[in-house]
Amino acid sequence: MVYNLDVKNRFNSNLTFQSKAKSVSKISEDLTKNLGKRDRFLAKVIDLKEGDSGLSHSRFAQATLTNWFPKAVFARSVADLSEISFLEVCEGALFFYLPSLMGEYLSRRQIFAKRLPENLRGDISKSVKEIVKDSKNAQKLLPVKSAIVLSCAAIPAAEYALSFAKNLFTLKVFKKADFSSVVNLDKNKKEDKTAQERVEKSSISHLKKAGIFSAGAFGASLLLGTLGQKSKTVAKACEVFLNPGAKIYKGLEKLGVKSPKLGNFLDKYLNLDFARKADGSLALGVGQLAVTVLSGVAGYFGAAKDRGKLDVQEVATRVPVIALYTIFGSALFDEGFKKILYKNKKFPEILKMDEATKELSVAKLNDIPDIAKKLANGDEKLLKQKTAELFKGKAVISMVPFMFSLLVVGGLLALISRIWTQYRYNHGVGNDNYQPQIKK
């Protein structure tokens, strides 16, 4: 579940609601001809990271492999490796395909945009604040925008159900329901048929509930999108539904609590509104990401509980850290790292501060040749040198946060959680002197 998402820039639209796949952008020949073979390969990796690919098979493959590999290295059995593969492939598909299919293509384009006058259809991508400010159209736009969000409830529901689907997959394929058996802690353990039936029953039940919830939310979205525009009260309720954080902060202000940082935090994370791309398409917002990740956390714990205490303990060691990093940490680490570089005057030609917004921006990969040409001033030898220097800076800025996610959050955390699980097993049920407490 580690998705290194800069939600301000959508990791350059990492999880974007778009109707059609876009090919990964081509790397400028002016750049590649001045780079060595190793740097050309690295340029392709960076281009893939920052490319505007939407429904991209390449992006799906890259993210899935990145999340899968560090866990797969420390897999403890074929069943464990299969579970890891099942989760990462399905989670990758859920994040990279389902939002695009449901959000932009199905909900917006095929259903809800048609319920608006043609001149207002493009305004769906405006933020709640912008819509409310232009109050004459708020009654029409807010219910439709809320309906699109509600129609996508299947995304967090699917993330919640995924862990139960994983339990069912392992049970059906490997005939295992006990966690210590799945991860090969006890090679001689005989499966308890009653426990297997309990895991199967629970998994099917939760999958059904997720399906019913998704269908119910989609049905409610159709009603809201069709009838909601007729009521000012519904429009007001939709404003709260889409951005509850802003309303909460207004209430706190009335009580005398005035903190711009708190207001920004609530507005950012307690917000179900979409992010918006430059081309007007809808992107997964920070609050939507948080809801999906937290749904996944609940699913991880619920499914672990079905398979025993050791599974719950391993999930408790690993998942909360990953969830917090996914929601907050990746963007904070990325921004913090850039601030350190900027403060130390590293790579000033490509890392610049916007004086108006006080935000740091990094030159795109294909901007490097033009910057290098200006610095070289017609000197071909100097051009090659400057291109290499600028690319090095771009690689450092782009790849250090990426490698931190891969090696530390992914790899090191996977290793630590497995060591702790082995320790708990050796000092618990795997210890010959272990005597379980019997409840009276």
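This is a predicted model: local features need pLDDT of at least 70, side-chain atom pairs count only at pLDDT 80 or more; totals for chains, interfaces and linings use all residues.
## The chain as a whole

The chain contains 18 helices and five strands, and of its 440 residues 49% are buried. Where contacts join residues at least 6 apart in sequence, 72% of those contacts link residues at least 24 apart.

## Helix H8 and its two partners

Two packed helices are described by the angle between their axes and the distance between those axes. Helix H8, residues 138-151, packs with helix H12, residues 232-242, at an angle of about 50°, and the two axes lie 8 Å apart. H8 and H12 are therefore oblique to each other, and their crossing is left-handed. On the H8 side the contact is made by Ala138, Gln139, Leu142, Pro143, Lys145, Ser146 and Val149, which meet Lys232, Ala235, Cys238, Glu239, Phe241 and Leu242 of H12. Sorted by class, the residues of this contact between H8 and H12 comprise eight nonpolar, two polar and three charged.

H8 also packs with helix H11, residues 193-227, at an angle of about 170° and with the axes 8 Å apart, which makes H8 roughly antiparallel to H11. Here H8 contributes Pro143, Val144, Ser146, Ala147, Leu150 and Ser151, while H11 contributes Ala217, Phe218, Ala220, Ser221, Leu224 and Gly225. The contact of H8 with H11 has eight nonpolar and four polar residues, and no charged residues.

## The pairing of H17 and H18

Helix H17, residues 368-376, and helix H18, residues 380-426, pack at an angle of about 135°, with their axes 8 Å apart. The two helices are therefore oblique to each other, since an angle has to be over 145 degrees to count as roughly antiparallel. The crossing of H17 and H18 is right-handed.

From H17, the residues Ile368, Ile371, Ala372, Lys373, Leu375 and Ala376 meet Leu382, Leu383, Lys386, Thr387, Leu390, Phe391 and Lys394 of H18. Nine of the residues in this contact of H17 with H18 are nonpolar, one is polar and three are charged.

## Cysteines

A search across the whole structure finds zero disulfides. Cysteine 152 is buried, with a relative accessible area of 8%, and cysteine 238 is likewise buried, with a relative accessible area of 4%; both values fall within the buried class because that class covers anything under 20%.

## Residues with positive phi

Most residues other than glycine have a negative phi. Against that background, asparagine 184 has a phi near 70°, a positive value in a residue other than glycine. Asparagine 184 is placed in the loop between helix H10, residues 179-182, and H11, and this residue is partly exposed, with a relative accessible area of 28%.

Phenylalanine 347 also has a positive phi, near 50°, and is again a residue other than glycine. Phenylalanine 347 lies in the loop between helix H16, residues 309-343, and strand E4, residues 351-354.

Technical notes:
Residues are numbered from 1 along each chain as its sequence is written. Side-chain values use heavy atoms; hydrogens and water are left out. A disulfide is a pair of cysteine sulfur atoms within 2.5 Å. Buried means under 20% relative accessible area, exposed over 50%, partly exposed in between (1.4 Å probe, protein chains only). Axes are lines fitted to C-alpha atoms, for helices over the stretch in contact, and angles run from 0 to 180 degrees between N-to-C directions. Helices (H or I, at least four residues) and strands (E, at least two) are DSSP runs, numbered from the N terminus. Angles under 35 degrees count as roughly parallel, over 145 as roughly antiparallel, 65 to 115 as roughly perpendicular and the rest as oblique. A crossing is left-handed if the near helix is turned anticlockwise from the far one by less than a right angle, and right-handed if clockwise. Contact means heavy atoms within 4.5 Å. Ala, Val, Leu, Ile, Met, Phe, Trp, Tyr, Cys and Pro count as nonpolar, Asp, Glu, Lys and Arg as charged, and the others, Gly among them, as polar.
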